[in-house]
Structure formats: structure tokens, C-alpha cells
Amino acid sequence: MSQKDSNQLILLHEKDNVLACRRKIHRGDALMIDGLAIAASGDVDVGHKIARIELDTGDVVLKYGVPIGSITQATRIGEHVHTHNMKSDYIPITTRQSTGDETNSS
Amino acid sequence: MIGYQRSDGRKGIRNVIVVAYLVECAHHVARRIVDVSADMDVHLIGFPGCYPNEYSLRMMQKLCSHPNVGGVLIVSLGCEGFNRKGLHAAVATTGRPVETLVIQERGGTAATIAAGVNAVAAMKKSIANIPRVAIGVEDLIIATVCGGSDGTSGLTANPAVGKCFDQLVALGSTCIFEETGELIGCEQIMAERAVTPALGEAIKACVDKAARYYTVMGYGSFAPGNADGGLTTQEEKSMGAYAKSGDSPISGVIKPGDLPPSNGLYLLDVVPDGEPRFGFPNINDNAEIAELIACGAHIILFTTGRGSVVGSAISPVIKICANPDTYQRMPDDMDVDAGRILNGEATLDEVGGEILEKIIASASGLRSVSESLGHQEFILTYKSFEPVGPACLPARASRA
């Protein structure tokens, strides 16, 4: 695999079950996760998160080695982890949906 | 670095004249005085409300006697609730030139604008010869804020500011970080960095207060753009924001308008005390910046992922861009490109050192990018605070 592929994702802490994207990932890109080659299931932007392991509803998401929320639906390795499958364990956030501004979400 | 000696012993890095309106009804007249003066060092600040408020009076007093301010022109409509004599007196006791124009007594809009423009010109002359004095890094108060955060903020710009803060604290500067609502989830690790166990408890109490307050508001301190940029939860945003504080011990907790009593790292508690009364703690990033400046901050380090463009009245804002894509889209609004860390082109320590160089350049008189573009945003709203308890300031308690 190319140098570029090996640099797409960053593990911020060894305990983490998500990886941060160093650059935009396109659907079908080869991802290398803990030695396992996986094709990206969709586009994921820089700064977003990808599942490092299989995650089940209720699993606590670890980033920087600390809990940052929990999983709301089963998520496979390499899938995008975001508001569609994860929630805060503290307080809800404002989203485009909650403000009725879904057209401005790009 | 050469600065301006002020009568209270503090040193400024700018010599700004502030034009301060005391109610929205005086805003237009004050803005015209600033516009007609056409001088980058004449800044507009003000308070829109007609009801009196202890917090906003104290904020205006602290802002108008900030070391970066050389003189003050107060613009009052005449019938508003703001204690204009209290503000005038607070500035006068510092020895700064201060003048109050009351629109209802001056003959209305045009007459007050004309009088204000003359007053600013006269003040400009009278402050031109203020004693200049050498400034060291240990004289500086540097504060940090993040705005338009995304998933890259906590990987690049925020930890780079943390590295810079560690260097500044080691050099004897005073550093301030803030927004306890954006530290929800970090309270335990933050408390462990407090210089005393009692301060650690006070830090946890601050974050608990923020969590309760934001729960009543219905949302955390989180904008839709944060989610667009890959942040999913408040606690994830918090962990990224927390990285701005670096690794130094935390010396104390202050509230808006409090001057840190010693050098070291301080946490600014921005969430009002008591039952939520006046709405969201800080309605936007500039509300936080104004509070940091009221605590004496000479320079604001502003990290952004999505790409904020704001500056501020009174103190320069240095913009540190976290996201390499954002930097490519709007390079002319950024002082530092921290996104290079993501591409492996620079280390956190290198970018931290670069931020320190920008601070020294700015304190030497060089304009930051937002300053050069004319950004002088300012906002002040209603709040209420109790004074900090003795556990919050161990340095002051040990001297007493």
C-alpha cells in the first residue's frame, strides 16, 4: 500500500476505539486499520472519526484515551462515527436538523 | 519590546482611544465619531442595554482602564440606566484623559459627533507622549479562545497553543484559558493540575455549574459547524479545547474583570452565578474575548478549524488555523498555519514556537492579520457574578 494510504488515519491514544482522519477519505479508499485492509464505506472529511473496532449500541467511544460519548447503533470497522451513530453522555448539541437549517450543512 | 507605562504599574502594547457608548441609543453617534476619526487606534466598544447591571459596569471600567487603552470618550444618550459617572470616575482615577458627551445635553446627533471627533483628536495629541518603557514576556498576559472548532482543532492548533502556553508560563508570563462550558468532561483531569486540592474542588464546582447552566439552556456550547467539522459531542469538543491549556499547573480561577494576582496559568470562569437569568453565558466568541481582555489580556490567541475571521477592540487577536483545507481557502485571515502538523510538515513544538514569535512581534507593535484587516468586534451583554472564593486564588491567600 502507498505512503498516502498509511497516513490517512491517526491513532491519538492506544486505548482509543476511533481513529481521526488526517485528510479527506473517499468511498472505496483502502484503509489500513491495525494491519487489516478495509475499503472505506463512504466519504469522510478531515478531522472526522472512523471506527477502529466493531462497535455496539451502548459502547463508550474513546478518543484521546477518554470517553467522548456512546454508540447508538451498531458500527463496523472503518465506518464513519458521528452524530448518526453516536451521542453525548452529558448534554445534547445543536445540529442543522434541530435549527431547521439542513440546507446549509455542507 | 517597548510599551506604554500606565499609572497602575501595568504596561500596554497599544495606545488605543476607546469610544464607549452606554446604550444602543448612543451607538450610532459613537460609531460615527470612530468612523470620522478614521484612525486604526480609535476603537468602538459599548453596552446596548438600558437597565443597569453591575457586571457590565465593572466590565466597562476594566476595559476602559486596560493597559492597551490610552484615553476614553464616553457617549451617553442621557436617560439610560448605565452609571456613566461611575465609569467616568473609574477612568479618571487612572490618570487617563476621559471625556463624557451626553447627546441630550450636547444638542443632538450632529453636534455630538462633531464634539466627539474634536475630543478624540485632542486626546490623540495628549496621549502621544505617554512614557515608553521596555516590556518583557513576564509583563504580558496572554489569553486563548477557540471559535469555529472542528475535528482538527484538538489535533493541531489547540495543543500547539498549549505548547506555547507552557513556554510562556516557564518564562514568567500570565496565561488565561476559559469557557468552562467547553471543559465539560475534563473536570477531573483539570482538577488534578490545580496547585492546591481546594482549588481542584473549586475547578470541579465551576464545571458542574457550567453543565447545570447549559442544561437549562437546552444545548451545550456547540454550533452546527462544529458537527460539520467532525465533532460529535460536547465532551469531544471539550477534550480538544482543553488542549489549549498545555501542561502547566493551574494557579487559580478568576471571573470576568478579575486580574490574575500572579504569573502562571489561570482558568476564567465565564458562566454566571445563581439561577440562569439573562440567557446563554456567552452568546458568541467575542463575548468571551471581551471578558479575557477585561482580565488584562494584552493579546488573544484564537484557534479556529472552520475559519473564524474576527478580531477585537483593545487587544490584538492572533489567528491560528487548525485545518489545512481552511487555511488554503482563507489564508489572508490567518496568522499561523497549524494544519501543517496534520500533514507532518511541522511538529506541535515548532508551531508552538511560531506562535510565541507572533506574540513577541505583536507586542513589539506589529499588527496581527485581523488587526490589519480592521477587525475590532466587540459585544457586552447582561450577566451576574459573585466574587471568587478564597480557594480560587491560592497565591493571593498565601500573601494575605
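Leaving aside its neighbours within four places in sequence, which residues is Y55(B) in contact with? They are K383(B), S384(B) and F385(B), where contact means that the C-beta atoms of two residues, placed from the backbone, lie within 7 Å.

Before going on, a word on what you're looking at. This is a predicted model, in which local features need pLDDT of at least 70 and side-chain atom pairs count only at pLDDT 80 or more, while totals for chains, interfaces and linings use all residues. Residues are numbered from 1 along each chain as its sequence is written, and chains are lettered from A and ligands numbered from 1 in the order in which they are written.

Let's start with chain B as a whole. It has 15 helices and 14 strands; these are DSSP runs, numbered from the N terminus, with helices being H or I of at least four residues and strands being E of at least two. The radius of gyration, taken over C-alpha atoms, is 20 Å for chain B, close to the 21 Å that the globule rule gives for 400 residues, so chain B is as compact as a globular protein of that length. That rule is 2.2 Å times the number of residues to the power 0.38. The C-alpha atoms of chain B fill a box of roughly 60 × 45 × 45 Å along the principal axes. Among its contacts between residues at least 6 apart in sequence, 76% join residues at least 24 apart.

How much of chain B counts as buried? The figure is 58% of its 400 residues. A residue is buried if 20 or more other C-beta atoms, placed from the backbone, lie within 10 Å of its own, exposed if 12 or fewer do, and partly exposed in between.

Now back to Y55(B), which sits in helix α2 (residues 54–64) of chain B. Y55(B) counts as buried because 20 other C-beta atoms lie within 10 Å. Y55(B) and L380(B) are 325 residues apart in sequence, yet 9.7 Å apart in space, C-alpha to C-alpha.

| Helix | Buried residues | What the buried residues pack against |
|---|---|---|
| α2(B) | nine of 11 residues | β3 (16–21), β4 (42–46), β5 (69–76), α3 (84–92) and α11 (285–294) of chain B |
| α11(B) | nine of 10 residues | α2, β8 (141–146), β9 (174–178), β11 (264–268), β12 (299–304) and β13 (317–321) of chain B |

Besides Y55(B), the buried residues of α2(B) include L57(B), M60(B) and C64(B). In α11(B), I289(B), L292(B) and I293(B) are among the buried ones. Just after α11(B), G296(B) takes a positive phi of about 100°.

Chain B also splits into domain 1 (2–133) and domain 2 (137–399), with bounds that come from an automatic or database domain assignment. Their centres, taken over C-alpha atoms, are 27 Å apart. The contact takes 20 residues from domain 1 and 19 residues from domain 2. On the domain 1 side, β3, β4 and α2 of chain B each supply at least two residues, and α2(B) gives the most, with six.

Finally, the two chains meet: 28 residues of chain A are in contact with 28 residues of chain B. On the chain A side, β7 (66–71), β9 (86–87) and α2 (96–99) of chain A give two or more residues each. β7(A) gives the most, with four residues.
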